[in-house]
Amino acid sequence: QVQLVESGGGLVQPGGSLRLSCAASGSISSIYAMAWYRQAPGNQRELVAKITSGGRTNYADSVKGRFTISRDNAGNTVYLQMNSLKPEDTAVYYCNADRMWAGLIYHDWGQGTQVTVSS
């Protein structure tokens, strides 16, 4: 099992920046990808950015050029640098880990951190 703890959310003005962090613990050697998702009120949860254990990244079209996903060398912590924030970026942001164990794929989630973009 993997435990994920997010931090770094908060209130920011349009055009501002925030950096989210997600610290993983537990069976981290079984993780092959980590991602950030977000869910705004009344909307489905959507993928924001993903990074694989090989370092490959992909982003939602709505955040390309503004958000950057990265991880530390140990692979224990994943970051989401968010620049040029817009009101439509307001959502609860969730950290996700995909892992494989005994031939099965598991998806672990953090509790989420609120990001509010407002003047």
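The model is predicted, so local features need pLDDT of at least 70 and side-chain atom pairs count only at pLDDT 80 or more, while totals for chains, interfaces and linings use all residues. Residues are numbered from 1 along each chain as its sequence is written, and side-chain values use heavy atoms, with hydrogens and water left out.

**Stop 1: the disulfide**

Begin by selecting Cys22 and Cys95, which form a disulfide with their sulfur atoms 2.0 Å apart. A disulfide here is a pair of cysteine sulfur atoms within 2.5 Å, and the structure holds one. The link of Cys22 and Cys95 is left-handed, with -80° about the S-S bond. Now colour the two strands involved: Cys22 is in β3 (residues 18–26) and Cys95 in β9 (residues 91–101), so the pair links parts of the chain 73 residues apart. Strands are DSSP runs of E with at least two residues, and they are numbered from the N terminus.

Are the two cysteines buried or exposed? Cys22 is buried, with a relative accessible area of 0%, and Cys95 is buried, also at 0%. Buried means under 20% relative accessible area, exposed over 50%, and partly exposed in between, using a 1.4 Å probe and protein chains only.

**Stop 2: strand β4**

Next, select residues 31–39, which make up β4. Seven of the nine residues of β4 are buried, so this strand is largely enclosed by the rest of the structure. Trp36 is found in β4 and counts as buried at 0% relative accessibility. If you like to check distances, draw one from the C-alpha atom of Trp36 to that of Ser118: they are separated by 21 Å and are 82 residues apart along the chain.

Two strands pair if DSSP finds at least two bridges between them. Within β9, Tyr94 is the bridge partner of Tyr37.

Then show β5 (residues 46–52), which runs antiparallel to β4 and is joined to it by six bridges. Arg38 stands opposite Glu46 in β5. β4 and β5 form a hairpin with six residues between them, and Gly42 in the turn has a positive phi of about 80°.

**Stop 3: rings and a charge**

Rings of Phe, Tyr and Trp (its six-membered ring) pair if their centres lie within 6.5 Å; planes under 30 degrees apart count as stacked, over 60 as edge-to-face and the rest as tilted. By this rule there is one aromatic pair. The rings of Tyr37 and Trp109 have centres 5.0 Å apart and planes at 65°, so the pair is edge-to-face. Tyr37 lies in β4 and Trp109 in β10 (residues 104–109), so the pair ties together parts 72 residues apart in sequence. Tyr37 is buried at 18%, whereas Trp109 is partly exposed at 37%.

Now bring in Arg45. Its charged end sits over the ring of Tyr94, 3.7 Å from the centre. Arg45 also lies over the face of Trp109, at 4.6 Å from the ring centre. A charge sits over a ring if NZ of Lys or CZ of Arg is within 6 Å of the ring centre and within 35 degrees of the ring normal.

**Stop 4: strand β11**

Select residues 113–117, the strand β11. In a regular strand the side chains alternate between the two faces of the sheet.

Leu11 has Thr116 as its bridge partner in β11, and Tyr93 has Thr113.

Zoom in on Thr113, which counts as buried at 11% relative accessibility. A polar atom of the Thr113 side chain lies 3.3 Å from the backbone nitrogen of Gly9. Beyond residues up to four places away in sequence, Thr113 touches several others, including Glu6, Leu20 and Ala91; contact means heavy atoms within 4.5 Å.

**Last stop: Ser30**

Finally, select Ser30, in the loop between β3 and β4. Ser30 is buried, with a relative accessible area of 10%. Leaving aside neighbours within four places in sequence, Ser30 is in contact with Asp98, Arg99, Met100 and Trp101.

Notes: Helices (H or I, at least four residues) and strands (E, at least two) are DSSP runs, numbered from the N terminus. A polar contact is a pair of N or O atoms within 3.5 Å; within protein, one must be able to donate a hydrogen and the other to accept it, and residues adjacent in sequence count only if both atoms are side-chain atoms.
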